[in-house]
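Good morning, everyone. Please look at the sequence and the model on the screen.

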Amino acid sequence: MSQTHSHLQLNQQGQLRHFLTVEGLPETLLTELLDTADSFLEVGERAVKKVPLLRGKTVCNVFFENSTRTRTTFELAAKRLSADVLNLNISTSSTSKGETLFDTLQNLEAMAADMFIVRHGDSGAAHFIAQQVCPEVAIINAGDGNHAHPTQAMLDMLTIRRHRGDFRQLSVAIVGDILHSRVARSNMLALQTLGCPDIRVIAPRTLLPVGIEDYGVRVFNDLRIGLRDVDVVIMLRLQKERMQSGLLPSEGEFYRLYGLTPETLALAKPDALVMHPGPINRGVEIASEVADGPQAVILKQVTYGIAVRMAVMSMAMAGQTTQRQLNQEAE
Ligand code: NCD
């Protein structure tokens, strides 16, 4: 499976042409992506926040599921690369999903779009589009079901690298609703590829997926044990919209056992980073004092997200262009 994924995502020279999942991508490529994102952070600090890398290209945000942060940061990233941007919010459409996905994208392809940023409630949607619908268009996965959210993972990696440096020295804990979280899955894969030796997952049994150990993580059901001496804490939202009833006694009970409060955070290293992909639910998984406190880098994650998305888009566009040239030479 991972072989197929990485093969589909890379061109014949091993460059990125779609970004569907972190799974199967080599450490060198993830590091190149982080280095490229680092260089784009400086663009965001200029008076004129633009570079011409995607000038004349059309990027379509195709969101079948709601999003604020992810969609707007992709839009800003595309605009900072000088692309033309279309925003399609299809979550309100009443047409059946299969038809909407296929037909909408084929229509957009006919308008000569160069890149689709896709968010979809079904796991595998971005792969399906890259494989079956529009292989010539760069497809960037902005979150598919509970499967993958690779740009979120890479912005989390950039945050960790900028604030803590070498992954090989770190203990990182991911806390909360792992079962429904595409962010958790992509983060576990990225941390593993980047050589993090101690990845911990902390959750009640009912919010852990079957086979979690296969990700090379240590599983804790007790927050107070799992958080001990970690360098980074990644909190997750309770994804109630994906939850069957009966998985949790109550939000109050969850907060009491798994909430990140000043008391529980004190169990981690004194300067441990506090991260969250957003949207945060204050008093459900995280206390306001912690979310707004000195160890939190939650808003930095948003800023870094723009640079990471610029890096992903410029690399995928370059990879598509190279592949097209190779195809022409072969003809
Ligand atoms: C996450 C998502 O959509 O998967 N949010 C995000 O992209 N910023 C996590 C969440 O919704 O809780």
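Let me start with a term: buried means under 20% relative accessible area, exposed means over 50%, and partly exposed is in between, using a 1.4 Å probe and protein chains only. Ile202 is buried, with a relative accessible area of 0%.

A word on the source. This is a predicted model, so local features need pLDDT of at least 70 and side-chain atom pairs count only at pLDDT 80 or more, while totals for chains, interfaces and linings use all residues. Residues are numbered from 1 along each chain as its sequence is written, and side-chain values use heavy atoms, with hydrogens and water left out.

Back to Ile202. Where does Ile202 sit? Its place is strand E6, residues 198–202. Helices (H or I, at least four residues) and strands (E, at least two) are DSSP runs, numbered from the N terminus. What does Ile202 touch, leaving aside neighbours within four places in sequence? Its contacts include Ala173, Val175, Phe220, Leu223 and Tyr258. Contact here means heavy atoms within 4.5 Å. Pro150 is 52 residues away along the chain, and its C-alpha atom is 21 Å from that of Ile202.

Now the whole protein. It has twelve helices and nine strands. Its radius of gyration is 20 Å, close to the 20 Å that the globule rule gives for 331 residues, so it is as compact as a globular protein of that length. That radius is taken over C-alpha atoms, and the rule is 2.2 Å times the number of residues to the power 0.38. Of the 331 residues, 55% count as buried.

Next, the domains. Domain 1 covers 2–149 + 303–330, and domain 2 covers 150–298. These bounds come from an automatic or database domain assignment. The domain centres, taken over C-alpha atoms, are 26 Å apart. The contact takes 36 residues from domain 1 and 29 residues from domain 2.

Ala112 is in the loop between helix H4 (97–110) and strand E3 (115–120). Ala112 is not a glycine, yet its phi is positive, about 65°. Ala112 is exposed, at 53% relative accessible area. Asp229 lies between helix H8 (223–226) and strand E8 (232–235). Asp229 also has a positive phi of about 65° without being a glycine. At 48%, Asp229 counts as partly exposed. Finally, a cis peptide bond joins Gly278 and Pro279, with omega about -5°. Pro279 lies in the loop between strand E9 (273–275) and helix H11 (288–291).
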